Amino acid sequence: SHVAGLLENGRLRREAEAKARNLSLIHEVVEQIISLTDVNEVAQIAAELMARYFAYELTIVALIEEGERKLNVAGIGGNAADLVERGLQLMEDGKESGLVMRVAVTGENLLVNDVNQSPFYQPIPQWDAGSEMCVALKEGDKILGVIDVECQRKNAFSQSDLLVLESLGGILSSAIASAGQYQKLQATVDQLRAAREELQERIAAQRMAESKLVQAAKLAAVGEMAAGIAHELNNPLTTVSGFTELVLADMPEDAGIRNDLELVLKETQRARGVVRRLLDFARQSESVRVRSDMNEILADVLALVNHLLRTSGVQLTTRFKEGIPWIAVDRNQTKQVILNLIHNALHAMPTGGELHIITDCRRRDGKSWLTISLKDSGIGIAPENIERVFEPFFTTRSKDGGTGLGLSVSYGIIADHGGFIDVTSEVGKGSTFTIWLPVEVE
């Protein structure tokens, strides 16, 4: 009787020590997976830790895909992990009809000490199991997946082992559910961030479009007014210049008032020049567009101004992109725009400098554009004037006879071609005017 009591005490002590050891191992598993935020990472690390700490030959964590009745192996651990993983790849349906799938469907945990006696067991190629434990991973009534532990020996597991696995299953379920919620939240955050970036891009595009519309409205209003004024002034100016020329033709060379009449004719002709520029601004002339090579147009313009550039002490650098698409433009109007921008660059470099002309193909607002950039090393444009440079009659060169129509005319021509001009500048370092012309998609 005394010996029996000692044996029972020894058994109880061993059970207590085993429970304490299991609790300690469970605690270690929890510590290593509790902070993970990726579901697959939680499953893989949990499978490896369970196989290592509890000496399981094979541990599989299979999860149910969201919205599907299908199990996917998310984690696998143990000495037989590589062998079983290759075997699972040979199976057409994985473990879709075995003990694991039954537990996933019913939610009831299973302990099978001889798998050959179970009608639900499905063998894995290259792996001979003797006993198996399956525990469902649940969040409330929802089944998230299954923990499957297998051993080649029969009767390898006890009810105590099943209790330990159920404890691990409860903790793993919470970790997987939390990680899943975190991933959903992160996906939502990513979607919101992407939506915010898209919204910011749309707002920026809308602001640019509004700016272009405002500029176009200004040009249209002033153009209409300019056209009316030009027509009203053109006839009397023609009359004045014509009669002045007739009077001068009949007047002796030594007449006292001849110099005064010549001054009248000169000023009349200058006024007619302003009227002509007003008509150009109003775009009254007929536009003839043909498919053209922009590099060729630029070469023609540069042939006209090369001497002027040299005498102005300006060093020209060109970088024309080869193979740029041909676009439909009015060649004369386009040359006028380039000439205007080159003349503005020369005025910005009164003591000489550098002028870079570059052609390229770019993407902007989801469209393909042909760009012509003219970058000078001149005096630059003050920040408060950047937004006004394309306004009609705005000029910083009024003392030099500037009318403020050159850039307005240029912008109107490019806008009429479906494009626009933008400008960047830094005082004392220079300015860059970039012409954007849409490329036709064939």
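Biologist: Which residues touch the most other members of the largest nonpolar core?

Modeller: In this predicted model, the largest nonpolar core has 41 residues. Nonpolar side chains tend to be buried together in soluble globular proteins. The members that touch the most others are Met294, Ile342, Ile372 and Ile435.

Biologist: Which element gives the largest share of this core?

Modeller: At least two residues each come from H7, strand E8 (327–329), H8, E9, E10, helix H10 (406–416), E11 and E12. The largest share is 7 residues, and the element that supplies it is H7.

Biologist: What does Met294 contact, leaving aside neighbours within four places in sequence?

Modeller: Helix H7 covers residues 294–311, and Met294 is among the core members that touch the most others. With neighbours within four places left aside, its contacts are Ile324, Ile327, Val329, Thr334, Leu370, Ile372 and Leu437.

Biologist: In the open sheet of 5 strands, which strands stand at the edges?

Modeller: The strand order is E7-E9-E10-E12-E11, with mixed pairing. Each edge strand has a single partner, so one side of it is left without a neighbour in the sheet. The edge strands are E7 (314–320) and E11.

Biologist: By what angle are neighbouring strands of this sheet turned against each other on average?

Modeller: The sheet is open and its pairing is mixed. The average ignores strand direction, and its value is 20°.

Biologist: How many bridges join E10 to E12?

Modeller: E10 and E12 run antiparallel. The number of bridges joining E10 to E12 is 7.

Biologist: What angle does the direction of helix H8 make with that of E10?

Modeller: Helix H7 (residues 294–311) packs on the sheet, touching E7, strand E9 (353–364), E10 and E12, and its direction makes about 170° with that of E7. Helix H8 (residues 331–348) also packs on the sheet and touches E7, E9, E10 and E12. The angle between the directions of H8 and E10 is about 30°.

Biologist: How many residues apart in sequence are the parts tied together by the pair of Trp369 and Phe420?

Modeller: The two rings are edge-to-face, at 5.3 Å centre to centre and 75° between the planes. Trp369 counts as buried at 5% relative accessibility, and Phe420 does so at 4%. Trp369 lies in strand E10 (residues 367–376) and Phe420 in strand E11 (residues 420–426), so the pair ties together parts whose separation in residues is 51.

Biologist: Which strand holds Trp436, the residue that forms an aromatic pair with Trp369?

Modeller: Trp369 and Trp436 are edge-to-face, at 6.3 Å centre to centre and 80° between the planes. Both Trp369 and Trp436 are buried. Trp369 is in E10, so its pair with Trp436 ties together parts 67 residues apart in sequence, and the strand holding Trp436 is E12 (residues 430–438).

Biologist: Which residue has its charged end over the ring of Trp436?

Modeller: Elsewhere, Arg102 lies over the face of Phe120, at 4.0 Å from the ring centre. Over the ring of Trp436, the charged end sits 4.6 Å from the centre, and the residue is Arg364.

Biologist: How many aromatic pairs does a search of the whole structure find?

Modeller: Ring pairs link Phe54, Tyr56 and Phe157 into a cluster. Trp369 forms a pair with Phe420 and another with Trp436. For the whole structure, the number of aromatic pairs is 5.

Methods
Residues numbered from 1 in each chain as written. Predicted model: local features only at pLDDT ≥ 70, side-chain atom pairs only at ≥ 80, totals over all residues. Heavy atoms only, no water. Phe/Tyr/Trp six-rings, centres within 6.5 Å; stacked < 30°, edge-to-face > 60°. Helix = DSSP H or I, 4+ residues; strand = E, 2+ residues; numbered from the N terminus. Buried < 20%, exposed > 50% of the residue type's maximum accessible area, 1.4 Å probe, protein only. Lys NZ or Arg CZ within 6 Å of the ring centre and 35° of its normal. Pairing = 2+ DSSP bridges. Axes fitted to C-alpha atoms, helices over the stretch in contact; angles between N-to-C directions. Contact = heavy atoms within 4.5 Å. Core = buried A, V, L, I, M, F, W, Y, C linked by side-chain atoms within 4.5 Å.
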